[in-house]
Amino acid sequence: MTPFAFARLETDIGTVKVEGRFDPIDGHIEVDELAHLDGDGWADVNYWLAEQAYEHNIAVIIAAIRPAVMSLNS
């Protein structure tokens, strides 16, 4: 899997900082580290990865990551 990192990624849920891995063969994306920019700066939101209540947020972030990592792969 190919590692990726975005220091500032704009998504529909706000700005996030994300690190993870991307499999160019099947398009699978794994998020390893996640932070969300709020009024007080960067907030660690890694707990979003494990809690079902934040499933939608993770789906939105992955949807924003996909075009960026696909362009890195071309």
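Which residues form one aromatic cluster?

Modeller: This is a predicted model, in which local features need pLDDT of at least 70 and side-chain atom pairs count only at pLDDT 80 or more, while totals for chains, interfaces and linings use all residues. Residues are numbered from 1 along each chain as its sequence is written, and side-chain values use heavy atoms, with hydrogens and water left out.

Tyr47, Trp48 and Tyr54 form the cluster. Rings of Phe, Tyr and Trp (its six-membered ring) pair if their centres lie within 6.5 Å; planes under 30 degrees apart count as stacked, over 60 as edge-to-face and the rest as tilted. By this rule there are three aromatic pairs. Tyr47 and Tyr54 are edge-to-face, because their planes stand at 85°, with the ring centres 5.4 Å apart. Trp48 and Tyr54 are stacked, with 10° between the planes and 5.4 Å centre to centre.

As for exposure, buried means under 20% relative accessible area, exposed over 50%, and partly exposed in between (1.4 Å probe, protein chains only). Tyr47, at 40%, is partly exposed, and Tyr54, at 24%, is partly exposed too. Trp48 has 8% and therefore counts as buried.

Trp48 also touches His36, where contact means heavy atoms within 4.5 Å. Not counting residues up to four places away in sequence, other residues that His36 touches include Ile13, Trp42 and Val45. His36 has a relative accessible area of 16%, so this residue is buried. A polar atom of the His36 side chain lies 3.0 Å from the backbone oxygen of Ile13.

Methods. Polar contact = N/O pair within 3.5 Å; in protein donor to acceptor, adjacent residues only side chain to side chain.
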